[in-house]
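Have the structure open while you read.

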Amino acid sequence: MHEADPTSQSNYPQIATKHITFDWTVDFDNKVIAGTAIHDLIAKTDEVSEVIFDTSYLHIEGVKVDGDAVQDFRLGPKHEVMGSALRVPLPCTLSAGSSISIEITYRTTANGTALQFLEKEQTQGKTFPFLFSQCQPIYARDLAPVQDTPSVKLTYSATVRSVLPVLLSARRISPPSDGPAHDGKIIGKDEVVYTYDQPTPIPSYLLAIAAGNLQYQPFQVPEGKQWKSGVWSEPELMASAFWEFSRDTASFLAAAENLAGPYQFGVYDLLVLPPSFPYGGMENPCLTFVTPTLLAGDRSLTDVVIHELTHSWFGNGVTHAHASHFWLNEGWTTYIERVLLQIIHSPAHRGLSSVIGHKALLDALALFEDKPKYQKLVIDFDHGENPDSAYSRVPYDKGANFLLYIERTLGGLEVFLPYVKDYIATYMGHSITTETWKNHLYAYFQKNGGEAQIKALNSINWDAWLHQSGLRLPVEMEYDLTLADPANALADRWYESRHTTDISKLDFKSSDLDSLDANQRAVFLERLESYNEPLPAGHLFHFDKLYSFSKTLSAEIRFRFYTLVLKSQAAKHFVQGAANWVIGVDDTGVIKGRMKFCRPVFRALFKVDPNLTISTFRQARTQFHPIAQSLIAQDLGLDLAGLRVGG
């Protein structure tokens, strides 16, 4: 048995949930979900006398054990991070292998983090409210009483009553997805019963629900495939969402199957969420949640879909045991995402993604200079420490670079990819630690390689990669710069011109960018930001006049432009525009709820004008997701509770 999860109060090493049956009613008026969760549990040791569940901000109304009501269940004191442990005594002790059923009647409350109920004004259609969940990393306990640890993998089924269409991270049983929306009933008025089943075991953080005025459109799936794929969105976004994702999603998934093995979840749908969703995507099984910022109109950001569907094997299939080993999810997924970019597009595309990721990694490592333990791949979390405090690009890009380094050390993709397939086949459906992963890596090459490859593995400084802090990678990596070079060359020209005082003598044209795609333009801006000396204000005014970055609708480009200019002498000129953009009081009219954008921009704003930053955040705080609210406040050194009182 590997080490216990530091973020769970449950007694999952003694007894663990095998299956949950949910019966829910979504109450939009009171912004709660009410109903029951029936846990089918199996004892893993002898002498089990109670079951302990994780809960947070739940109102527990009753408990039954094997159908009989029990009165002596106890809800423990609230821990700031882990919530309140629900202790259910058993009528008699269980021995290893025996099973029991526990039914808990409860309802959610407004204080939890997992659920965000949006007013109709916060949606695209502005006619109906909206609900979506975010349970990763430790917020499933806000949605239901569970053993909220990735070490427990469970199946689930659900019956959900709602006046708006409901989606879950499971396979729809009824009404059919491709039938009339809301089973043909009146949306927003008539209650419809939705039933779902998830027959593939998943960790609790992948429990997910969304409800709103949602429509479905299927994608064409390659011949011979047993899975289905399509997109869900509000009607107002369907045309753009279908265009953005329909060409590539199914072929991306087919390419991932060729590399990693059969897709096991039966359905791969995308759901385009409202703009307060705090991530680029969330890999909920059967139903990847994505941010509307991916709707770029040119399919330039669909690589996020490659990342999310790759989680079907790395994270959803082979799962990290707990938060300390989160890099096994994200590092592996980012690494394989870039391998797929090489297979689908070219080695140069893999290189460009690596360049962009390396810049994001260096920024993240610098952000944690005062918290060096968060620079590590394997983080030794204290008991009850919030893993969201460590959320950054470190597990993604330090992890991906580590695997790239191992790939190169062993002899390249031809040697490494057969091992990847064996790794997935060995641990699919299991939750593992870094030590388990490393032991299997050695065992595989002991059996399938030879003395030279074991010697190569022994040459790796494992401690430096896994357990040491630092502002750079343990080994400086080289990437294919074929696509990065033109972007870097243009940035270098701008930098070399910084001493030219007569702007009219600058030799730049708006057509400079014509040959650069969206990702290359991002590299161009990041290169400019990386120089020790910022461009003079006059240069940046001319720069924006030529390229119109302050007006682009691409959030990826606009946020990089703002992080560039807010570090310069031109910062005062752009600070109000950046503040308006991040809260949607501008030409876009849309809040930038994705933390990739809002957190760096708020941090940059704060360095220029703290008062404006705080007033801007206070003005729009409730438009952001609770996770984003908490982390922005952390970034700015603010007391979120105080802001709630005042704003």
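1. Which residues have the most contacts inside the largest nonpolar core? They are Ile-209, Trp-332, Ile-406, Trp-437, Trp-494, Phe-524 and Phe-543, in a core of 215 residues. A nonpolar core here is a set of buried Ala, Val, Leu, Ile, Met, Phe, Trp, Tyr and Cys residues joined through side-chain atoms within 4.5 Å, and buried means under 20% relative accessible area with a 1.4 Å probe, protein chains only. Another core, of 6 residues, lies apart from it, with Phe-368 and Phe-381 among them.

2. A word on ground rules: this is a predicted model, where local features need pLDDT of at least 70, side-chain atom pairs count only at pLDDT 80 or more, and totals for chains, interfaces and linings use all residues. Residues are numbered from 1 along each chain as its sequence is written, and side-chain values use heavy atoms, leaving out hydrogens and water.

3. Take a look at Trp-437. Setting aside neighbours within four places in sequence, its contacts (heavy atoms within 4.5 Å) include Trp-327, Trp-332, Ile-406 and Trp-462.

4. Next, Gln-375, in the loop between helix H6 (347–367) and helix H7 (394–410). Gln-375 counts as buried because its relative accessibility is 3%. A polar atom of its side chain lies 2.9 Å from the backbone oxygen of Leu-365. Among the residues Gln-375 touches, beyond four places away in sequence, are Phe-368, Val-394 and Gly-470.

5. Finally, the cysteines: with a disulfide taken as a pair of cysteine sulfur atoms within 2.5 Å, the count is 0. For Cys-286, the nearest cysteine sulfur, that of Cys-135, is 15 Å away. Cys-286 is buried, at 2% relative accessible area.

Notes:
Helix = DSSP H or I, 4+ residues; strand = E, 2+ residues; numbered from the N terminus. Buried < 20%, exposed > 50% of the residue type's maximum accessible area, 1.4 Å probe, protein only. Polar contact = N/O pair within 3.5 Å; in protein donor to acceptor, adjacent residues only side chain to side chain.
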